[in-house]
Amino acid sequence: MTSEPPEPMLTGRLTVDALEGHLARVEREDGSLQDWPLTSLPRGVREGDVLRWHVEGRHLTFEIDLEGTRERRQAAQAQLDALNGAVPAGEINL
């Protein structure tokens with residue numbers, strides 16, 4: 001009797017950049033963008049969500065990374081606040 005070695009489990013993260021119709025534009029960890037069918041992602045996914053994917057055997061699963069999504073949104077808000085804070089006070093003269 002031989003036992004086969006366990007198949008390696010692969011994992012990674014995606015960020016949902018945009019939702020358009022039945023497609024989701026996702027950003028992979030290498031920064032590349034791809035359009036995926038929205039039905040292939042978890043129900044209720046929203047723009048800006050961070051997703052964790054897992055491949056085990058032939059099964060690909062996704063889950064919304066709530067903590068990663070929260071951290072990403074906080075970082076984006078901090079960047080926006082910093083940009084808005086740099087606006088000079090007073091009237092703008094052209």
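Which residues are linked in a network of salt bridges? I found that Arg-13, Arg-52 and Asp-65 are linked in this way. I kept in mind that this is a predicted model, with an average pLDDT of 89 for the chain and 93% of the residues scoring at least 70.

Asp-65 is buried at a relative accessible area of 7%, while Arg-13 is partly exposed at 36%.

Next I turned to the hairpin that strand 2 and strand 3 form with four residues between them, where Gly-31 in the turn has a positive phi of about 90°. The two strands pair in the antiparallel sense over five bridges, and Glu-27 has Leu-33 of strand 3 as its bridge partner.

I also noted a salt bridge between Arg-25 and Asp-35, with the closest N and O atoms 2.9 Å apart. Arg-25 lies in strand 2 and Asp-35 in strand 3, so this pair ties together parts that are ten residues apart in sequence.

Last, I looked up Arg-73 and Asp-49, which form a salt bridge with their closest N and O atoms 3.4 Å apart. Arg-73 is in helix 1 and Asp-49 in the loop between strand 3 and strand 4, 24 residues apart. Arg-73 counts as partly exposed at 32% relative accessibility, but Asp-49 counts as buried at 5%.

Conventions. Residues are numbered from 1 along each chain as its sequence is written. This is a predicted model: local features need pLDDT of at least 70, side-chain atom pairs count only at pLDDT 80 or more; totals for chains, interfaces and linings use all residues. Side-chain values use heavy atoms; hydrogens and water are left out. pLDDT is the predictor's confidence in each residue, from 0 to 100. Two strands pair if DSSP finds at least two bridges between them. Buried means under 20% relative accessible area, exposed over 50%, partly exposed in between (1.4 Å probe, protein chains only). A salt bridge is a side-chain nitrogen of Lys or Arg within 4 Å of a carboxyl oxygen of Asp or Glu.
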